[in-house]
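Please look through the structure shown below, and then follow its pockets, its strands and its aromatic rings in turn.

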Amino acid sequence: MSIEITKLENGFIVATDPMPHLESAALGVWVGCGPRHESQEQAGLSHMLEHMAFKGTLTRSAKDIATEIEQVGGDLNAYTSREQTAFHARVLKENVDVALDLISDILINPTFDGAELEREREVILQEIGQTRDTPDDLIFDHLQEACYPNQSMGWPIFGSEKTVSAFSRDVLRSYMSANYRAGGMMLIAAGAVEHAQLVDAAGSLFRRLALGDGPESETARFQSSEIRDEQDLEQAHLAFAFPGVSSTDPDAVTAQVFATALGGGMSSRLFQEAREKRGLCYAIYAFSQSHRDAGVIGIYAGTGEDKAGEVTPLIAAEIEAMAKGKTDEEAARARAQLRA
């Protein structure tokens, strides 16, 4: 691995992992701004901005953006996580400049067209409704809120009907101006790229970014709480979590190994005990989730209502057994899964 990192004069960072033997490249801009940086009235604004970035710029319509990337066989997309918003592309090596120009345009020159905003607002409201109709998605919104109650870290990434319905063009512009600053953004590329060329291109394309660092957020405070959402469903969906480690903690990788051994595959303890031996559930797994200053180890299970009372103590027993009797074989198997 030959990672190269350059910090431009305005604070914008370019990081690359050149792989000359490849014919394609993956690249994107990661913005250090996400739902945890929102106020209560802004809940869902980062996600709305991510959607609206593709809906037209000063020089391109929404259709132009889609056509330009697809006519070179590329893919352009975005996502919103708790702490970041990412705008990324995958293209053949000869079209890296096309992808980079498009990404810079949607980040620097969005128009936030009023008609497009109203259409996309409806799309996001449907997303929120779809999540509510999908209990194995909704359970994780509840889990996040239970871990971080009354904090931005615990609010749904999509926001709510109330907040999304209130967002205007001016609100989007103001939020982007305040939070999308050069010192809080990174261009990251891997594959058929040359570091020096990307540094030169970034220096030109992103020179108009506002100066300054990314936004600050309140410190995440993990708290014990419980949420129960009673619905008339065929299954009971259960999720549990306890404090994990932050992404900067040396034990972040250890937490991943632990979660994988506990419930990361068909050979894991939870899968073997709950599904294979007892037939209590179809889906059960563990995960480790790390953020800048906090983290959780979580477990999810989907089971019949009459089996929930058996699954819960089983999970607790397997966590205790893992703490007391982990084997080197389990650890090796979990490491192999993560490497693969």
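In the lining of the largest pocket, 15 residues are nonpolar, seven are polar and five are charged, where Ala, Val, Leu, Ile, Met, Phe, Trp, Tyr, Cys and Pro count as nonpolar, Asp, Glu, Lys and Arg as charged, and the others, Gly among them, as polar. This is a predicted model, in which local features need pLDDT of at least 70 and side-chain atom pairs count only at pLDDT 80 or more, while totals for chains, interfaces and linings use all residues. Residues are numbered from 1 along each chain as its sequence is written, and side-chain values use heavy atoms, with hydrogens and water left out.

The volume of the largest pocket is about 930 Å³. Among the 27 residues that line this pocket, Ile-227, Arg-228, Asp-229, His-237 and Leu-238 are the closest to its centre, and the elements that give two or more residues to its lining are α5 (135-147) and β7 (235-243). A pocket here is an open set of points on a 1 Å grid over the protein atoms alone, where a 1.4 Å probe fits, with protein on both sides within 12 Å along at least five of seven lines, and lining residues have an atom within 4 Å of a point. Grid points are joined across faces, edges and corners, and a volume is the space filled by probe spheres set on the points. Helices (H or I, at least four residues) and strands (E, at least two) are DSSP runs, numbered from the N terminus.

The second largest pocket has a volume of about 470 Å³. It is lined by 20 residues, and those nearest its centre are Glu-145, Trp-155, Pro-156, Gly-159 and Ser-160. Two or more residues of this lining come from each of α4 (114-132) and α5, and α5 gives the most, with four residues. By class, the lining of the second largest pocket holds eight nonpolar, eight polar and four charged residues.

Turning to the strands, the reader can trace an open sheet of six strands in the order β1-β2-β6-β3-β5-β4, with mixed pairing, where two strands pair if DSSP finds at least two bridges between them. At the edges stand β1 and β4 (75-80), each with a single partner strand, so one side of each is left without a neighbour in the sheet. Within this sheet, β2 and strand β6 (residues 185-191) run parallel and are joined by six bridges, with Leu-187 in β6 as the bridge partner of Val-14. By contrast, β3 and β6 run antiparallel and are joined by seven bridges, and here Ala-190 in β6 is the partner of Ala-26. Strand β3 (residues 24-31) also pairs with β5 in the antiparallel sense, over eight bridges, and Ser-24 has Leu-92 in β5 as its bridge partner.

Another pairing is that of strand β8 (residues 281-290) with strand β9 (residues 295-304), which run antiparallel and are joined by nine bridges. A hairpin of four residues leads from β8 to β9, and Phe-287 has Gly-298 in β9 as its bridge partner. Phe-287 also belongs to a cluster in which ring pairs link Phe-140, Tyr-285, Phe-287 and Tyr-300.

What does a search of the whole structure find in the way of aromatic pairs? It finds eight of them, where rings of Phe, Tyr and Trp (its six-membered ring) pair if their centres lie within 6.5 Å, and planes under 30 degrees apart count as stacked, over 60 as edge-to-face and the rest as tilted. Phe-12 and Phe-206 form a stacked pair, 4.6 Å centre to centre with 15° between the planes. This pair links distant parts of the chain, 194 residues apart, with Phe-12 in the loop between β1 (4-7) and β2 (13-18) and Phe-206 in the loop between α8 (195-205) and β7. Both Phe-12 and Phe-206 are buried, a word used for under 20% relative accessible area, with exposed over 50% and partly exposed in between (1.4 Å probe, protein chains only). The rings of Phe-54 and Phe-87 have their centres 6.4 Å apart and their planes at 40°, so this pair is tilted. Phe-54 and Phe-87 are buried as well.

Two residues remain for the backbone. Phe-112, in the loop between α3 (96-108) and α4, has a positive phi of about 50° although it is not a glycine, and Phe-112 is buried, with a relative accessible area of 2%. Asn-150, found in the loop between α5 and α6 (161-166), also has a positive phi, near 60°, but counts as exposed at 75% relative accessibility.
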